[in-house]
Amino acid sequence: MAIPIRLLAGLQNEIQMDLVVQTIDMSIDRNISAFPTPGNYLKRFAIDTNTPRMNIEMSGVIIDDDGVNAQQYRSGSTTSQNSFSSTPMKTLINFGSMMPTKPFSDFIPADIDGMLVNDIMSSSKGKRIFPNFVSATGVAQGSTTTITVTNPAELIKVWSESRTIVTKIPTDLEFVGSHSVGATGALTVESSLTALGADASIAQNAGALSVNVLLNIGDRVINESGVFLGEVSALSSTQVTFASALPAGISANDKLCVMPKCFNRRNELVGFVIAISDDNTVSVGDEPKYIIEFLSVTEASILAGDVLTINQSNNAMESLLHDSYIKIVPSYWLEDPTRNPKGANCYNDLHMEIHNGYAPIGIKFKFDATKTHTLLGGSDAVTVVHKAKTNRRSTTAGYPHQGSARLNDASLWDAIVNVPIKGIMQSEDQSPASAMAQIFESAFKITAPVSDVPMTDATNSFSLTDAFTSFTASNIMLIEQVYRADADQEHPSIVSPAFAHLLNPQIIQLGSSSNVNAARSAGDKVQDLVGLVSNATTDGDMFRGVQIPYDSLVTSSGVTATARNFFLTFGSLPSSEKDSTQNTRAASQLMNTLILNEDTGGIANDKDSNGFFEKVIDATVPDEIQSIFGFLADVVSDIFVTLDTTPHGNDGGIRIMPEKLHVRHDAGNNYYAFTMVLVATDLVIGV
C-alpha cells in the first residue's frame with residue numbers, strides 16, 4: 001500500500017508535487033520542562049509554553065508518469081486543444097511597502113503671525129520654517145536618539161562658533177488661571193496676541209486663533225522654559241485636554257509652546273525634536289553637519305540620503321509618483337512578440353528593463369497627481385490615454401524622446417492608462433496604501449479598448465477586463481493574466497529602475513509554468529525536488545504546505561470512509577476546531593494560500609538588494625556583521641507579524657517547510673527512493 005501526498009508551494013499553490021509515500025512518521029515534542037522538588041513538597045511541576053515541534057518524516061519512491069493527458073485544455077484557448085494547461089502569469093503588488101499603511105493625517109504645525117490690516121486683526125496660520133535636512137547615515141527604527149544630517153543649502157561651513165537652532169515653537173496661546181501638579185481635565189486657554197496694545201480674543205477671529213486651529217491631537221506641549229506639560233488628547237475652541245495628569249504646575253498666563261515633529265520621506269513620524277545643533281567636529285571649509293536630538297528613540301527607520309522635514313509633514317508622495325508607472329505585458333504578447341501591435345519587440349526602452357535582449361510592448365499604468373480619483377472624492381476616473389496601435393506614436397506623445405535612436409522605443413508603442421492619485425495622502429477613511437490598491441484595481445475594471453490587436457487568443461480581446469483578472473485585499477493587489485502560455489514565461493520588471501530605487505515597491509512576480517499534470521519522468525521529479533528544496537524563498541517557491549490524506553468515518557455520511565487531510569491549527573481556538581469532527585474539507589481541495597495576506601505592509605521587501613532594511617544596514621553596520629544585523633532585522637519584523645497574526649484553523653493541510661531531502665537511485669532500477677523530513681511551521685523568518 002502507498003499513500004499519495006501533495007507538496008504545495010507558490011503564491012496560490014501554483015507549484016504542486018504529488019509523491020508516492022510508503023511510510024510516514026509524525027512526531028510531536030511539546031518541549032515541556034519538568035521539575036521535581038525536594039521531598040516532593042511542591043510535588044512535580046512542569047512549564048509548558050505551548051511551543052510544540054512537529055517533524056514529519058516520509059519515505060517513498062519516485063516513478064515515471066504513465067503517460068500524457070492530451071485532453072488538457074489551456075484556459076481560454078480556442079486553438080491549442082492538445083496543449084497541456086499551464087499556470088497563469090501572476091503579479092502581486094504590496095503597496096504597503098512604499099506608502100503609509102495607516103490613515104494619513106496632514107500635520108498642520110502650530111505657529112501664527114498676527115498683523116493689523118485696516119484696523120481688523122487678521123491672522124494667517126504659518127509654519128515655523130526649518131530647512132529640509134538630509135540624513136547623512138541610515139538609522140534603524142528604535143536605535144538612537146540623535147542623528148547626523150546636512151542642509152543641502154549649505155555647502156561649506158563658514159562659521160567657527162557653535163550653533164543651536166531653537167526648536168521650541170510658540171503658539172500665541174496662554175493658560176487662563178493656574179493649575180497644580182496632577183490636575184486633569186480640560187484646561188481653558190486664550191489668545192496672547194495683541195494689536196495696538198489691545199488683546200485679541202479668540203472670539204474675534206475663531207478661525208485663526210482657536211485652540212483647535214493652532215494645536216493638533218498628539219502635539220507635545222511645553223512651557224517657555226521647556227518643561228513638558230502633556231500630550232494633547234482633545235481640543236475645543238478654547239480648551240485643551242492632556243492625555244495624563246499635569247507633571248508640573250501651571251501659572252496664570254503661562255504660554256503654550258509645542259515640540260516640532262520630524263517626518264521622513266515616507267511621511268512616517270520619526271520623533272519629536274528637542275534640539276538641532278551644529279556638529280562642532282566639522283572644520284571650517286568642510287561640509288557643515290547638524291545633530292538632531294529626539295525626545296526618545298527614533299520611531300521610524302531612515303535611509304541614508306533620506307529627506308527629513310521638521311514641523312511640517314512631507315506630502316511629497318504624490319510628486320514622487322507623478323508620471324511614474326507600472327507596466328504589465330500581456331502574456332499573449334510576451335510568448336510571441338509577433339502578436340503585439342508592432343509585430344515585434346523593440347530595440348530601445350529607456351523606461352523598462354529589457355526582456356531577452358529586447359523591450360516588450362505592454363500597458364503602462366501612469367500615475368497622475370494632477371487629477372483626483374472618485375474614490376478620493378474627486379470626479380476623475382482611470383482613463384485610456386493612448387491605445388497600443390499598429391503605428392507608433394510621435395516622439396512628442398506620451399513619453400517625449402528625441403533623436404532617431406528613440407524611434408523604436410517601446411514607450412512609443414505602449415498603451416498608456418492614466419491613474420489619478422491626487423489627494424492619495426489626504427484620505428481620512430483608509431490608509432494611502434489601501435486607497436492606492438483600490439484605485440489601481442479600478443484600472444483593471446475599465447472596458448474601454450487599450451489595444452488594436454487582441455491581448456489573448458480569444459477574438460476581440462481588446463480591453464483590460466478581457467486580458468486580466470484582479471483581486472485586492474487591503475493594501476495588496478493580485479493581478480492574474482487570463483491567457484495561459486504554452487511555454488514557461490517570465491515577466492520582465494514592471495517598474496523602471498528609478499522607481500524601484502526610489503520607493504522599493506514589494507513586487508512578487510510568478511511566471512507561467514507547465515501544469516503539474518504534464519508528464520514527468522522520475523528524474524524530472526527528482527530534479528524538481530532537489531531544485532526547490534535546495535534554493536527557495538517564502539515569497540514564491542518554497543514548499544510551505546503538505547496534504548497527507550487519511551480515511552475518516554466520523555465525517556462520512558455512510559459506512560464507507562471518506563478522504564480527509566491531516567491539519568494543524570495555530571493560536572487560540574476552541575478544542576472543537578482541532579479534532580476530526582470538524583474536518584469537513586475534501587482531501588482533493590487545495591490548501592489555503594500561505595503568504596502575504598491582507599495585513600502585510602509597512603516596510604519594503606528587506607530581502608531585495610535594494611530593500612529598505614538592507615539600505616539601512618549598509619549605511620550603519622560594518623560589512624563583517626551585516627549578515628547578523630540583517631537577520632535580526634528580519635527577526636524583529638517577522639516576530640511583530642507573528643504577534644499580530646490572527647489564529648488559523650483547518651487550512652486543508654499542514655503548514656511546513658522542508659528540512660532535509662535524501663534521494664537514492666540504484667543502477668538498473670527505474671525508480672528513485674527518497675526520504676524527506678518536514679517541519680511544521682506557521683511563519684518563516686529569514687529567506
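Colleague: What joins S11 to strand S23 (residues 290-294)?
Modeller: 4 bridges join them, and the two strands run antiparallel. Two strands pair if DSSP finds at least two bridges between them, so S11 and S23 qualify as a pair. Threonine 148 has isoleucine 291 in S23 as its bridge partner.

Colleague: What kind of model is this?
Modeller: This is a predicted model, in which local features need pLDDT of at least 70 and side-chain atom pairs count only at pLDDT 80 or more, while totals for chains, interfaces and linings use all residues. Residues are numbered from 1 along each chain as its sequence is written, and side-chain values use heavy atoms, with hydrogens and water left out.

Colleague: How many helices and strands are in the protein chain?
Modeller: The chain has 10 helices and 37 strands. Both are DSSP runs, numbered from the N terminus: helices are H or I with at least four residues, strands are E with at least two.

Colleague: What makes strand S10 (residues 133-135) a partner of strand S11 (residues 146-150)?
Modeller: 2 bridges join S10 to S11, in the antiparallel sense. Valine 134 stands opposite threonine 150 in S11.

Colleague: Which strands make up the barrel that holds S1?
Modeller: The order is S1-S2-S5-S37-S36-S33; these 6 strands close into a barrel with antiparallel pairing. The twist averages 45° from one strand to the next. Such angles run from 0 to 180 degrees between N-to-C directions, and the axes are lines fitted to C-alpha atoms, for helices over the stretch in contact. Strand S1 (residues 3-9) pairs with strand S2 (residues 15-29) over 7 bridges. Arginine 6 has aspartate 18 in S2 as its bridge partner.

Colleague: In what order do the strands of the barrel with S13 come?
Modeller: 6 strands close in the order S13-S14-S19-S18-S17-S20, with antiparallel pairing. Here the twist averages 50° from one strand to the next. Within it, 3 bridges join strand S17 (residues 220-222) to strand S18 (residues 228-235). Isoleucine 222 stands opposite phenylalanine 228 in S18.

Colleague: Why is serine 431 called buried?
Modeller: Its relative accessibility is 7%. Buried means under 20% relative accessible area, exposed over 50%, partly exposed in between (1.4 Å probe, protein chains only), so serine 431 counts as buried. The residue sits in the loop between strand S28 (415-420) and helix H5 (432-443).

Colleague: How many disulfides does a search of the whole structure find?
Modeller: The search finds 0 disulfides. Cysteine 257 counts as buried because its relative accessibility is 2%. Cysteine 346 counts as buried at 0%.

Colleague: What makes a set of residues a nonpolar core?
Modeller: Its members are buried Ala, Val, Leu, Ile, Met, Phe, Trp, Tyr and Cys residues joined through side-chain atoms within 4.5 Å. The largest has 51 residues; Phe95, Phe365 and Phe440 have the most contacts inside it. H5 supplies its largest share, 7 residues.

How values were computed:
Disulfide = S-S within 2.5 Å.
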